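Hi everyone, thanks for making the time.

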Amino acid sequence: MRTDDDSWDITESVGVTALGIAALRAAETRRPDALFRDPYAERLVTGVGEGGWQGIVRGQVDSGDDRAGRLYRTIGNFAIARTCYFDAYFESAAAQGIRQVVILASGLDARAYRLAWPPGTVVFELDQPKVLAYKAATLADMAPAAERREVAVDLRQDWPEALRRNGFDASAPTAWLAEGLLRYLPAAAQDRLFEAVAALSAPGSRMALNIGRGEPGSEQARRQRAEAVQQLDPGLVLNSLWYSDEGRSDPRDWFAAAGWVVAQADPVAVLTERGRAVPDEVAEDMRRQILMTAISPTGER
Ligand code: SAM
(Lines give C-alpha, C1' and ligand atoms only; values in the text may rest on other atoms or scores of the structure.)
Protein backbone atom coordinates (compact mmCIF):
# COMPACT_ATOMS: atom_id res chain seq x y z
CA MET A 1 0.00 0.00 0.00
CA ARG A 2 1.08 3.57 -0.63
CA THR A 3 1.69 6.16 2.06
CA ASP A 4 2.04 9.94 1.64
CA ASP A 5 5.80 9.93 1.91
CA ASP A 6 6.80 6.45 0.72
CA SER A 7 10.02 6.16 -1.24
CA TRP A 8 11.66 3.32 -3.12
CA ASP A 9 14.65 1.85 -4.87
CA ILE A 10 14.56 0.62 -8.46
CA THR A 11 13.66 -2.92 -7.38
CA GLU A 12 10.84 -1.87 -5.02
CA SER A 13 7.32 -0.53 -5.25
CA VAL A 14 6.91 2.14 -7.96
CA GLY A 15 10.60 1.80 -8.86
CA VAL A 16 9.89 -1.58 -10.45
CA THR A 17 7.59 0.03 -13.01
CA ALA A 18 10.57 1.98 -14.39
CA LEU A 19 12.42 -1.30 -14.77
CA GLY A 20 9.50 -2.84 -16.65
CA ILE A 21 9.26 0.03 -19.13
CA ALA A 22 13.03 0.00 -19.70
CA ALA A 23 12.82 -3.76 -20.39
CA LEU A 24 10.25 -3.08 -23.12
CA ARG A 25 12.53 -0.45 -24.67
CA ALA A 26 15.42 -2.91 -24.54
CA ALA A 27 13.31 -5.59 -26.26
CA GLU A 28 12.32 -3.15 -29.02
CA THR A 29 15.94 -2.15 -29.49
CA ARG A 30 16.82 -5.81 -30.19
CA ARG A 31 14.30 -6.06 -33.03
CA PRO A 32 15.67 -5.81 -36.57
CA ASP A 33 12.78 -3.45 -37.41
CA ALA A 34 13.09 -1.40 -34.19
CA LEU A 35 11.24 1.93 -34.29
CA PHE A 36 13.88 3.48 -32.03
CA ARG A 37 17.12 2.41 -30.43
CA ASP A 38 17.77 2.72 -26.73
CA PRO A 39 21.15 1.04 -26.27
CA TYR A 40 21.18 1.94 -22.55
CA ALA A 41 17.95 0.17 -21.62
CA GLU A 42 19.29 -3.39 -21.57
CA ARG A 43 22.19 -2.46 -19.34
CA LEU A 44 19.87 -0.63 -16.97
CA VAL A 45 17.58 -3.66 -16.73
CA THR A 46 20.25 -6.33 -16.41
CA GLY A 47 22.04 -4.21 -13.80
CA VAL A 48 19.61 -5.40 -11.14
CA GLY A 49 20.34 -9.09 -11.75
CA GLU A 50 18.17 -11.96 -12.93
CA GLY A 51 14.40 -11.70 -12.81
CA GLY A 52 11.19 -11.57 -14.84
CA TRP A 53 12.30 -8.46 -16.68
CA GLN A 54 15.25 -10.24 -18.30
CA GLY A 55 12.69 -12.47 -20.05
CA ILE A 56 11.10 -9.40 -21.61
CA VAL A 57 14.44 -8.12 -22.85
CA ARG A 58 15.10 -11.48 -24.51
CA GLY A 59 11.62 -11.73 -25.98
CA GLN A 60 10.90 -14.85 -23.88
CA VAL A 61 7.66 -13.70 -22.35
CA ASP A 62 4.53 -15.71 -23.05
CA SER A 63 2.57 -13.88 -25.69
CA GLY A 64 -0.24 -16.40 -26.02
CA ASP A 65 -3.94 -15.72 -26.32
CA ASP A 66 -4.60 -15.64 -22.61
CA ARG A 67 -5.12 -12.51 -20.58
CA ALA A 68 -1.41 -12.27 -19.66
CA GLY A 69 -0.28 -12.52 -23.30
CA ARG A 70 -2.76 -9.90 -24.43
CA LEU A 71 -1.82 -7.58 -21.60
CA TYR A 72 1.85 -7.98 -22.39
CA ARG A 73 1.25 -7.09 -26.04
CA THR A 74 -0.84 -4.06 -25.03
CA ILE A 75 1.65 -2.66 -22.53
CA GLY A 76 4.54 -3.49 -24.88
CA ASN A 77 3.02 -1.78 -27.89
CA PHE A 78 1.98 1.21 -25.82
CA ALA A 79 5.49 1.60 -24.40
CA ILE A 80 6.91 1.64 -27.93
CA ALA A 81 4.30 4.13 -29.14
CA ARG A 82 4.91 6.51 -26.29
CA THR A 83 8.68 6.35 -26.71
CA CYS A 84 8.35 7.24 -30.41
CA TYR A 85 5.86 10.01 -29.68
CA PHE A 86 7.87 11.66 -26.89
CA ASP A 87 11.13 11.31 -28.85
CA ALA A 88 9.47 13.22 -31.71
CA TYR A 89 8.13 15.76 -29.21
CA PHE A 90 11.64 16.53 -27.95
CA GLU A 91 13.05 16.67 -31.48
CA SER A 92 10.39 19.20 -32.40
CA ALA A 93 10.96 21.27 -29.23
CA ALA A 94 14.70 21.34 -29.98
CA ALA A 95 13.99 22.40 -33.57
CA GLN A 96 11.89 25.27 -32.15
CA GLY A 97 14.91 26.46 -30.17
CA ILE A 98 14.08 25.05 -26.72
CA ARG A 99 17.24 24.23 -24.80
CA GLN A 100 15.83 23.47 -21.34
CA VAL A 101 14.23 20.07 -20.74
CA VAL A 102 12.64 18.71 -17.56
CA ILE A 103 11.86 15.01 -17.37
CA LEU A 104 9.53 14.47 -14.42
CA ALA A 105 9.75 10.88 -13.09
CA SER A 106 12.66 10.11 -15.40
CA GLY A 107 13.07 6.55 -14.08
CA LEU A 108 15.40 4.69 -16.46
CA ASP A 109 14.66 7.03 -19.38
CA ALA A 110 17.98 7.40 -21.25
CA ARG A 111 16.95 10.27 -23.52
CA ALA A 112 19.62 12.52 -22.00
CA TYR A 113 22.14 10.02 -23.41
CA ARG A 114 20.54 8.84 -26.61
CA LEU A 115 18.82 11.81 -28.31
CA ALA A 116 20.72 14.26 -30.54
CA TRP A 117 20.35 17.36 -28.35
CA PRO A 118 21.55 20.67 -29.78
CA PRO A 119 24.63 22.11 -28.04
CA GLY A 120 23.72 24.04 -24.91
CA THR A 121 20.76 21.83 -23.97
CA VAL A 122 20.28 21.14 -20.25
CA VAL A 123 18.21 18.09 -19.28
CA PHE A 124 16.90 17.95 -15.71
CA GLU A 125 15.91 14.51 -14.50
CA LEU A 126 13.59 14.35 -11.49
CA ASP A 127 12.88 11.14 -9.62
CA GLN A 128 13.30 9.50 -6.25
CA PRO A 129 16.88 9.66 -4.87
CA LYS A 130 17.58 5.91 -5.06
CA VAL A 131 16.20 5.58 -8.60
CA LEU A 132 18.48 8.38 -9.81
CA ALA A 133 21.43 6.92 -7.91
CA TYR A 134 20.94 3.51 -9.54
CA LYS A 135 20.86 5.03 -13.02
CA ALA A 136 23.89 7.26 -12.39
CA ALA A 137 25.91 4.33 -11.04
CA THR A 138 24.91 2.00 -13.89
CA LEU A 139 25.72 4.54 -16.62
CA ALA A 140 28.72 6.05 -14.81
CA ASP A 141 31.08 5.41 -17.72
CA MET A 142 28.70 6.87 -20.33
CA ALA A 143 28.67 10.47 -21.45
CA PRO A 144 25.25 12.11 -21.75
CA ALA A 145 24.49 13.91 -25.03
CA ALA A 146 23.36 17.02 -23.13
CA GLU A 147 24.18 18.60 -19.81
CA ARG A 148 22.33 16.28 -17.45
CA ARG A 149 21.32 17.41 -13.97
CA GLU A 150 19.78 15.07 -11.43
CA VAL A 151 17.19 16.47 -9.06
CA ALA A 152 16.32 13.96 -6.35
CA VAL A 153 12.80 14.71 -5.15
CA ASP A 154 9.42 13.40 -4.24
CA LEU A 155 7.06 14.76 -6.89
CA ARG A 156 4.27 14.95 -4.31
CA GLN A 157 6.34 17.48 -2.33
CA ASP A 158 7.96 20.86 -3.11
CA TRP A 159 10.06 19.80 -6.11
CA PRO A 160 10.11 23.24 -7.85
CA GLU A 161 12.36 24.59 -5.11
CA ALA A 162 14.86 21.76 -5.71
CA LEU A 163 14.66 22.32 -9.46
CA ARG A 164 15.50 26.02 -9.08
CA ARG A 165 18.36 25.21 -6.72
CA ASN A 166 19.82 23.04 -9.48
CA GLY A 167 19.87 25.94 -11.92
CA PHE A 168 16.49 25.79 -13.66
CA ASP A 169 15.82 29.06 -15.50
CA ALA A 170 12.13 30.01 -15.35
CA SER A 171 12.69 32.78 -17.91
CA ALA A 172 13.67 30.28 -20.64
CA PRO A 173 11.11 28.12 -22.47
CA THR A 174 11.07 24.54 -21.26
CA ALA A 175 10.03 21.20 -22.75
CA TRP A 176 8.48 19.19 -19.89
CA LEU A 177 7.68 15.50 -19.89
CA ALA A 178 5.57 13.44 -17.47
CA GLU A 179 5.75 9.96 -19.01
CA GLY A 180 4.19 7.10 -17.07
CA LEU A 181 3.78 9.26 -13.99
CA LEU A 182 0.28 10.54 -13.32
CA ARG A 183 -1.33 7.42 -11.89
CA TYR A 184 1.38 7.21 -9.26
CA LEU A 185 0.37 10.63 -7.93
CA PRO A 186 -2.72 11.35 -5.85
CA ALA A 187 -5.25 13.54 -7.71
CA ALA A 188 -4.37 16.63 -5.64
CA ALA A 189 -0.63 16.13 -6.21
CA GLN A 190 -1.29 15.86 -9.96
CA ASP A 191 -3.02 19.26 -9.89
CA ARG A 192 -0.20 20.76 -7.83
CA LEU A 193 2.31 19.37 -10.34
CA PHE A 194 0.42 20.96 -13.24
CA GLU A 195 0.22 24.27 -11.35
CA ALA A 196 3.98 24.20 -10.76
CA VAL A 197 4.69 23.37 -14.41
CA ALA A 198 2.48 26.25 -15.56
CA ALA A 199 4.03 28.67 -13.07
CA LEU A 200 7.58 27.75 -14.15
CA SER A 201 6.84 27.84 -17.88
CA ALA A 202 8.11 30.81 -19.86
CA PRO A 203 6.02 31.64 -22.95
CA GLY A 204 6.38 28.99 -25.65
CA SER A 205 7.09 26.15 -23.22
CA ARG A 206 5.71 22.69 -23.94
CA MET A 207 4.30 19.88 -21.86
CA ALA A 208 3.92 16.22 -22.83
CA LEU A 209 2.30 13.38 -20.91
CA ASN A 210 0.25 10.25 -21.22
CA ILE A 211 -3.17 9.71 -19.72
CA GLY A 212 -4.61 6.35 -18.72
CA ARG A 213 -8.36 6.36 -18.92
CA GLY A 214 -9.22 3.92 -16.17
CA GLU A 215 -9.04 0.20 -15.90
CA PRO A 216 -11.27 -2.10 -17.87
CA GLY A 217 -14.51 -1.96 -15.88
CA SER A 218 -15.06 -4.91 -13.64
CA GLU A 219 -13.35 -5.97 -10.46
CA GLN A 220 -12.62 -9.28 -12.18
CA ALA A 221 -10.87 -7.54 -15.08
CA ARG A 222 -8.77 -5.53 -12.66
CA ARG A 223 -7.79 -8.66 -10.78
CA GLN A 224 -6.86 -10.45 -14.01
CA ARG A 225 -4.72 -7.52 -15.03
CA ALA A 226 -2.93 -7.49 -11.69
CA GLU A 227 -2.36 -11.26 -11.89
CA ALA A 228 -1.01 -10.98 -15.43
CA VAL A 229 1.45 -8.27 -14.39
CA GLN A 230 2.55 -10.43 -11.47
CA GLN A 231 3.46 -13.22 -13.88
CA LEU A 232 6.08 -10.82 -15.24
CA ASP A 233 7.29 -9.80 -11.80
CA PRO A 234 5.80 -11.35 -8.67
CA GLY A 235 6.83 -8.24 -6.72
CA LEU A 236 4.84 -5.85 -8.89
CA VAL A 237 1.34 -5.35 -7.52
CA LEU A 238 0.25 -2.65 -9.92
CA ASN A 239 -3.17 -1.98 -8.46
CA SER A 240 -1.69 -1.18 -5.09
CA LEU A 241 0.67 1.40 -6.61
CA TRP A 242 -1.88 3.46 -8.51
CA TYR A 243 -3.81 6.17 -6.75
CA SER A 244 -7.52 6.43 -7.40
CA ASP A 245 -8.81 8.33 -10.43
CA GLU A 246 -11.57 9.81 -8.31
CA GLY A 247 -11.43 13.61 -8.45
CA ARG A 248 -8.53 13.49 -10.91
CA SER A 249 -8.61 16.23 -13.52
CA ASP A 250 -8.30 15.37 -17.17
CA PRO A 251 -4.94 16.91 -18.15
CA ARG A 252 -6.39 17.99 -21.51
CA ASP A 253 -9.04 20.07 -19.75
CA TRP A 254 -6.61 21.34 -17.13
CA PHE A 255 -4.08 22.70 -19.63
CA ALA A 256 -6.74 24.03 -22.02
CA ALA A 257 -8.35 25.94 -19.12
CA ALA A 258 -4.93 27.39 -18.26
CA GLY A 259 -4.68 28.75 -21.82
CA TRP A 260 -2.34 26.14 -23.28
CA VAL A 261 -2.93 24.85 -26.81
CA VAL A 262 -3.53 21.12 -26.36
CA ALA A 263 -3.04 18.35 -28.93
CA GLN A 264 -3.54 14.63 -28.49
CA ALA A 265 -2.55 11.50 -30.33
CA ASP A 266 -3.81 7.93 -30.55
CA PRO A 267 -0.99 5.51 -29.63
CA VAL A 268 -2.23 3.00 -32.21
CA ALA A 269 -1.88 5.60 -34.97
CA VAL A 270 1.63 6.47 -33.75
CA LEU A 271 2.64 2.87 -34.48
CA THR A 272 0.70 2.29 -37.71
CA GLU A 273 2.03 5.57 -39.16
CA ARG A 274 5.51 4.13 -38.61
CA GLY A 275 4.64 0.87 -40.33
CA ARG A 276 4.05 -1.25 -37.20
CA ALA A 277 0.84 -3.29 -37.44
CA VAL A 278 -1.29 -3.46 -34.25
CA PRO A 279 -3.70 -6.40 -33.81
CA ASP A 280 -7.31 -5.30 -33.25
CA GLU A 281 -7.67 -6.83 -29.79
CA VAL A 282 -4.53 -4.96 -28.66
CA ALA A 283 -5.57 -1.71 -30.38
CA GLU A 284 -8.77 -1.60 -28.37
CA ASP A 285 -6.90 -1.77 -25.04
CA MET A 286 -4.16 0.60 -26.18
CA ARG A 287 -6.77 3.26 -26.90
CA ARG A 288 -7.41 3.52 -23.17
CA GLN A 289 -4.23 5.56 -23.27
CA ILE A 290 -3.94 9.03 -24.74
CA LEU A 291 -0.74 10.85 -25.63
CA MET A 292 -0.91 14.60 -25.08
CA THR A 293 1.23 17.62 -25.83
CA ALA A 294 0.50 21.26 -25.05
CA ILE A 295 2.11 24.62 -25.78
CA SER A 296 1.99 27.34 -23.14
CA PRO A 297 0.40 30.73 -23.76
CA THR A 298 2.77 33.02 -25.65
CA GLY A 299 1.39 36.16 -24.10
CA GLU A 300 0.74 37.51 -27.63
CA ARG A 301 -2.77 38.46 -28.74
N1 SAM B 1 9.27 8.08 -17.20
C2 SAM B 1 10.00 6.84 -17.10
C3 SAM B 1 9.72 5.99 -18.32
O4 SAM B 1 8.70 6.20 -18.98
O5 SAM B 1 10.55 5.12 -18.58
C6 SAM B 1 9.62 6.06 -15.85
C7 SAM B 1 8.19 5.68 -15.74
S8 SAM B 1 7.86 4.57 -14.38
C9 SAM B 1 6.34 3.87 -14.94
C10 SAM B 1 7.31 5.66 -13.09
C11 SAM B 1 8.43 6.52 -12.52
O12 SAM B 1 7.82 7.53 -11.72
C13 SAM B 1 9.40 5.78 -11.62
O14 SAM B 1 10.72 6.05 -12.02
C15 SAM B 1 9.12 6.36 -10.24
O16 SAM B 1 10.25 6.35 -9.39
C17 SAM B 1 8.63 7.74 -10.60
N18 SAM B 1 7.77 8.34 -9.57
C19 SAM B 1 6.49 8.02 -9.28
N20 SAM B 1 6.03 8.75 -8.26
C21 SAM B 1 7.04 9.57 -7.89
C22 SAM B 1 7.18 10.55 -6.87
N23 SAM B 1 6.20 10.82 -6.01
N24 SAM B 1 8.36 11.20 -6.78
C25 SAM B 1 9.38 10.93 -7.63
N26 SAM B 1 9.31 10.00 -8.61
C27 SAM B 1 8.16 9.33 -8.74
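The largest pocket has a volume of about 350 Å³. A pocket here, on a 1 Å grid over the protein atoms alone, is an open set of points where a 1.4 Å probe fits, with protein on both sides within 12 Å along at least five of seven lines; lining residues have an atom within 4 Å of a point. The volume is the space filled by probe spheres set on the points. Among the 18 lining residues, Ala-27, Glu-28, Arg-31, Tyr-72 and Gly-76 are closest to the centre. Helix H4 (67-95) is one of the elements giving two or more residues, and H4 gives the most, with 5. Helices are DSSP runs (H or I, at least four residues), numbered from the N terminus.

This is a predicted model: local features need pLDDT of at least 70, side-chain atom pairs need 80 or more, and totals for chains, interfaces and linings use all residues. Residues are numbered from 1 along each chain as its sequence is written, and side-chain values use heavy atoms, leaving out hydrogens and water.

Let's finish with polar contacts, pairs of N or O atoms within 3.5 Å. A ligand oxygen is 2.6 Å from a side-chain N or O atom of Asp-127, and a ligand oxygen is 2.9 Å from one of Arg-82. At Leu-155, a backbone N or O atom lies 2.8 Å from a ligand nitrogen.

Technical notes. A polar contact is a pair of N or O atoms within 3.5 Å; within protein, one must be able to donate a hydrogen and the other to accept it, and residues adjacent in sequence count only if both atoms are side-chain atoms.
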